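This briefing covers one protein model. Please look over the sequence and the structure before reading the points that follow.

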Amino acid sequence: QVQLVESGGGLVQPGGSLRLSCVASGFTLGSYAIGWFRQAPGKGREGVSCVSNIDGSTYYPDSVKGRFAISTDNAKNTVYLQMNSPKPEDTAVYYCAATRGDFISTVQAMCTTDWVYLQVWGQGTLVTVSS
């Protein structure tokens, strides 16, 4: 069965750091595009970090640019989200999702509008930023 499983969420203090993991099973990420999305109380779903394993292109919205970084380890079939200097407004449930790389036009489009093409979603992991 195809599946994505997130882990690494929890409580983190402002100014700290956290790394989320997303492990794929039933398929290989080498030819896919992958993204991290979040749903926060009072806000709509937002793509926060996306990458294409086809050409290596990435996209970050202004809300996280310079603080978050997405990376992949194809040998482990895993994608990571490094969260540096998290803020209270980063509190949300974080999801990873993936689609075939040739199904998207651009990484930015996948992250911001073309969610219909995302084929597999994880169950989510809760990140709480609080002192």
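The model is predicted. Its largest nonpolar core has 28 residues, and a second, separate core has 10. On the surface, F103, V116 and Y117 form a nonpolar patch.

**Nonpolar cores**

- Within the largest core of 28 residues, those with the most contacts are L4, L20, W36, L81, M83, Y94 and V127.
- Two or more residues of this core come from each of β3 (17-25), β4 (32-39), β5 (46-52), β7 (68-73), β8 (78-84), β9 and β11 (125-129).
- The second core is separate and holds 10 residues, among them F37, V107, M110 and C111.
- Leaving aside residues up to four places away in sequence, M83 touches G16, S17, L18, L20, R67, F68, Y94 and V127.
- Of these partners of M83, L20, Y94 and V127 are also listed with M83 among the residues with the most contacts inside the largest core.

**V120 in strand β10**

- V120 belongs to strand β10, which spans residues 120-121.
- The relative accessible area of V120 is 11%, so V120 counts as buried, the cut-off being under 20%.
- Apart from residues up to four places away in sequence, V120 is in contact with V2, Q3, L4, C96, A97 and A98.
- One of these contacts of V120, L4, is also among the residues with the most contacts inside the largest core.
- V120 and R100 are 20 residues apart along the chain, and their C-alpha atoms are separated by 10.0 Å.

**Surface patch**

- The nonpolar patch of F103, V116 and Y117 has about 320 Å² of accessible area together.
- F103 sits in the loop that runs between β9 (92-100) and α1 (107-112).
- F103 counts as partly exposed because its relative accessibility is 39%, and patch membership asks for over 30%.

**Positive phi angles**

- Most residues other than glycine have a negative phi.
- N77 is not a glycine, yet its phi is positive, at about 55°.
- N77 is placed in the loop between β7 and β8, and with a relative accessible area of 13% this residue is buried.
- S85 is likewise not a glycine and has a positive phi, of about 50°.
- S85 lies in the loop between β8 and β9, and its relative accessible area of 39% makes S85 partly exposed.

Key
Residues numbered from 1 in each chain as written. Predicted model: local features only at pLDDT ≥ 70, side-chain atom pairs only at ≥ 80, totals over all residues. Heavy atoms only, no water. Patch = residues over 30% accessible without salt bridge, like charges linked within 9 Å, V, L, I, M, F, W, Y side chains within 5 Å. Areas by Shrake-Rupley, 256 points an atom, 1.4 Å probe, with all protein chains shown as cover. Salt bridge = Lys/Arg side-chain N within 4 Å of Asp/Glu carboxyl O. Helix = DSSP H or I, 4+ residues; strand = E, 2+ residues; numbered from the N terminus. Buried < 20%, exposed > 50% of the residue type's maximum accessible area, 1.4 Å probe, protein only. Contact = heavy atoms within 4.5 Å. Core = buried A, V, L, I, M, F, W, Y, C linked by side-chain atoms within 4.5 Å.
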